[in-house]
Amino acid sequence: MNGPRKPVALNIQSETDIVLARTAGKEMAQAMGFGLVDQTRIATGISELARNILQYARRGHIRLEAVNRNGRQGLEILAEDNGPGIANVRSVLEGSHHSHKGLGLGIPGTRRLMDEFDLASEPGGGTRVRCVKWL
Amino acid sequence: MSRIPVMKLKNILVVSLQVDLHDRLALELQDDVLRGLSRTGARGLLIDVSGIDVVDSFLGRILGETARMAGLMGARTVLVGVSPAVAITLVELGLSLPDVKTALNLEKGLDLLESSLQ
C-alpha cells in the first residue's frame, strides 16, 4: 500500500510550467503505484491540458490529487483557467474542431487517455477540466 | 540556453533526445536539423526518442513536420526508440505519423536508412 499523497497545485503560465506539471504528474502516479504505461498516459494528458491553458487562456492552474472512491484509488487532474472559454464544447470533445494552433487532438486525446473526463466551459467563463485515472 | 546536439555520421544526421523538451526547444531542434541538412547535404535523418518519457501531441506534430520538411530537402527520416508506453499513448491520443518511418532502435534505424540510401 502506498502512502497518502498530498495534493499538488501548479501554476501554468509558461512552457517550462508544462514540463514541470507533467513531471509532477508522472512522479505522483509512480508514487501511487501506477505502471509505466499509465504514468505516461497521465503525464501526456497533463501536458495536453497545460498546453491548452497556455495557448487559450495564457495562465491557469492544474491540481493533482490522489482520490479514493469506494475503496478505489485514483489520480485526479483538475485544470482550470479564466480564459475565453469554449463556445462549442461538443465539437471540441469530438475532435471535429480544428484550431489553427494545434491539431485539435488535445482534448479528445486526453479524454481517451483517462478513465473519467468532464469539461465545463462557456464563452467568457473560463474552462474547467476534471479527469481521473483509476489505479 | 542549451540545445540538442545534431551529429553527422557519414551522410546521416543523428539526433538523440535525452531530456524532456519544452516547446521552444523542440522548435529550435527542428530549425537546427533543417539547417544541418542544408549545410551538410546529409541524405538521412535519424531521430532517437528512447531517452524521453513523454511524446505529447505538440512534440509528435513537430517530429512529423520535421520528417516532412526533411523530405522536401531530399532526406529520409527514421524515428527510433519509441517505447511501448509512448507508442500506446500516441495511438490513444490519435496521433499518426504517416510520413515517418520507424525502427526499434538506433542500430536498426541506421541499417534501414543505409539500405534505403544505397
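Reader: What makes A:Ala50 a contact partner of residues such as A:Ile12?

Author: This model is predicted. In it, A:Ala50 touches A:Ile12, A:Asp17, A:Ile18, A:Ala21 and A:Ile62, leaving out residues up to four places away in sequence. Two residues are in contact if their C-beta atoms, placed from the backbone, lie within 7 Å, so each of these pairs meets that cut-off.

Reader: Which members of the largest nonpolar core touch the most other members?

Author: A:Ala50 and A:Ile62 do, in a core of 59 residues. Helix α2 of chain A, residues 36–57, gives the most to this core, with seven residues.

Reader: Why is A:His61 called partly exposed?

Author: Count its neighbours. A:His61 has 17 C-beta neighbours inside 10 Å. Buried needs 20 or more, and exposed needs 12 or fewer. The value 17 lies in between, so A:His61 counts as partly exposed.

Reader: Where is A:His61 found, and what does A:His61 contact?

Author: A:His61 is in strand β2 of chain A, residues 60–69. Neighbours within four places in sequence aside, A:His61 is in contact with A:Ala9, A:Leu10, A:Asn11, A:Ile12 and A:Glu80. Take A:Leu10: A:His61 and A:Leu10 are 51 residues apart in sequence, yet 5.5 Å apart in space, C-alpha to C-alpha.

Reader: How many residues does each chain bring to the contact between chains A and B?

Author: Chain A brings 25 residues and chain B brings 19 residues. On the side of chain A, α1 (15–32), α2 and α4 (106–113) each supply at least two residues. Helix α2(A) gives the most to that side, with nine residues. By class, the side of chain A has nine nonpolar, nine polar and seven charged residues.

Conventions. Residues are numbered from 1 along each chain as its sequence is written. Chains are lettered from A and ligands numbered from 1 in the order in which they are written. This is a predicted model: local features need pLDDT of at least 70, side-chain atom pairs count only at pLDDT 80 or more; totals for chains, interfaces and linings use all residues. A nonpolar core is a set of buried Ala, Val, Leu, Ile, Met, Phe, Trp, Tyr and Cys residues joined through C-beta atoms within 7 Å. Helices (H or I, at least four residues) and strands (E, at least two) are DSSP runs, numbered from the N terminus. Ala, Val, Leu, Ile, Met, Phe, Trp, Tyr, Cys and Pro count as nonpolar, Asp, Glu, Lys and Arg as charged, and the others, Gly among them, as polar.
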